[in-house]
Amino acid sequence: MRIRSGVAAAVTLAVLVTGLVAGLVVHARRGPSDSGGSYRGPSATPGGPSARPGGTRHLALNTAPHDFARLRALGYDVVDVKPDEWPVRGVPDGMRALLWVGNSTCGPFELPFEEFTAAVRRLAGHPGVYGWYLSDEPNPGACPWVAGEIRRRAEYVRRHAPGQVSFVSLTDWQPMRAVAPARTGVDLVGLDPYPCARPRPGCDLGEIDRMVRMAGAAGIPRRVIVPVFQTFGQSCADGTYRFRLPTEGQLRAILRRWDRLVPDPPMDVSYSWGRQRKSACPTLADADGRAGRPDLQSVMREHNARR
């Protein structure tokens, strides 16, 4: 979903190179622009409503305190912040914090285990904390150790911070099963297919079906799936220029597809609100309908108000 640091990227590269030298086959993520055409596999079956009370929470990623008022006006009620008392205290009433303590792919975790457990003990029971973001796109095929580390951190949250959730976000690395809730104990699992990519002018909504089917085959229950919506492009990013910012109509189509497959999720995620130099630019913060940009903020405000 996001590149958190150059260190994480360097560690990931080292792991992949080591695997290739050892003769292992490491599969990088295949996006629509890699596959040479639209997804042509079977559709995912529609999901049913859940009995869980309380509606869907809405998370905007990569935010700063000066964004919180705008986000609340758009219907967002969860933001990601660092696991300290001061940032949590800065989250306004009516919003809660998802605490970033994780790793990206095969990179190091944001906090060593001892610092992580201290943070959990310090913030367990805090009314402003929704939960703990334990890992972003972990790749157990390239780094088998990551599933065990997620498991022990999720277990610690469950034992010492009851009422707060543990969350990971997955892409289509293989295998998903190693990081499914049955094996790691995580509460919520984000899925982040990004269907709007070059060179195609449209968006391949089948990518959403494909990843939901992968999750089902890995034993991930539909009731714990957290949809991750593409609200970014890469036309001003330093990294690979592959993903495109959706138009208003394309974002509405993405939301409708997710509504069919996961109609009552515990949470959904907009990636990304804030810019990331290498991976996300422009973003939802830019998409306000001015200067020729699509008004994706209005689309998300309408979506968030429905749940």
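Leu 74 sits in the loop between helix H3 and strand S2 (78-81), in what is a predicted model. With a relative accessibility of 6%, Leu 74 counts as buried, because the cut-off for that word is under 20%. Setting aside neighbours within four places in sequence, Leu 74 is in contact with Trp 273, Gln 297, Met 300, Arg 301 and Asn 304.

Val 299 belongs to the buried part of H10, along with Leu 296, Gln 297, Ser 298, Met 300, His 303 and Asn 304. Because seven of the ten residues of H10 are buried, this helix is largely enclosed by the rest of the structure. What does the covering of those buried residues include? Strand S1 (57-60), helix H3 (68-73), strand S7 (225-230), helix H9 and strand S8 (267-271) are among the elements that cover them.

| Helix pair | Distance between axes | Angle |
|---|---|---|
| H9 (residues 248-261) and H10 (residues 296-305) | 9 Å | about 25 degrees |
| H5 (residues 113-123) and H6 (residues 145-160) | within 10 Å | roughly 20 degrees |
| H8 (residues 206-217) and H9 | within 10 Å | roughly 30 degrees |

Start with H9 and H10, whose axes pack at about 25 degrees. That angle makes H9 roughly parallel to H10. H9 passes H10 in a right-handed crossing. From H9, the contact draws on Glu 248, Leu 251, Arg 252, Leu 255 and Asp 259, while H10 brings Leu 296, Val 299, Met 300, Glu 302 and His 303. Sorted by class, the contact of H9 with H10 has five nonpolar, one polar and four charged residues.

H9 also has H8 as a partner, and their axes cross at roughly 30 degrees. H8 and H9 are therefore roughly parallel to each other. Their crossing is right-handed. On the H8 side the contact is made by Gly 206, Ile 208, Asp 209 and Val 212, and on the H9 side by Ile 254, Arg 257, Trp 258, Arg 260 and Leu 261. Five nonpolar, one polar and three charged residues take part in this contact of H8 with H9.

Next come H5 and H6, with axes that cross at roughly 20 degrees. This makes H5 roughly parallel to H6. H5 passes H6 in a right-handed crossing. Which residues meet where H5 and H6 touch? Phe 113, Phe 116, Thr 117, Val 120 and Arg 121 of H5 meet Glu 149, Arg 152, Arg 153, Tyr 156, Val 157 and His 160 of H6. These residues divide into five nonpolar, two polar and four charged.

**The chain as a whole**

Stepping back, the secondary structure of the protein chain comes to ten helices and eight strands. Of the 307 residues in the chain, 55% are buried. Among contacts between residues at least 6 apart in sequence, 73% join residues at least 24 apart. The accessible surface of the chain comes to about 13100 Å², and 54% of that surface belongs to carbon and sulfur atoms.

Definitions and conventions: Residues are numbered from 1 along each chain as its sequence is written. This is a predicted model: local features need pLDDT of at least 70, side-chain atom pairs count only at pLDDT 80 or more; totals for chains, interfaces and linings use all residues. Side-chain values use heavy atoms; hydrogens and water are left out. Axes are lines fitted to C-alpha atoms, for helices over the stretch in contact, and angles run from 0 to 180 degrees between N-to-C directions. Helices (H or I, at least four residues) and strands (E, at least two) are DSSP runs, numbered from the N terminus. Angles under 35 degrees count as roughly parallel, over 145 as roughly antiparallel, 65 to 115 as roughly perpendicular and the rest as oblique. A crossing is left-handed if the near helix is turned anticlockwise from the far one by less than a right angle, and right-handed if clockwise. Contact means heavy atoms within 4.5 Å. Ala, Val, Leu, Ile, Met, Phe, Trp, Tyr, Cys and Pro count as nonpolar, Asp, Glu, Lys and Arg as charged, and the others, Gly among them, as polar. Buried means under 20% relative accessible area, exposed over 50%, partly exposed in between (1.4 Å probe, protein chains only). Accessible areas come from the Shrake-Rupley method with a 1.4 Å probe; for residues, only the protein chains shown count as cover.
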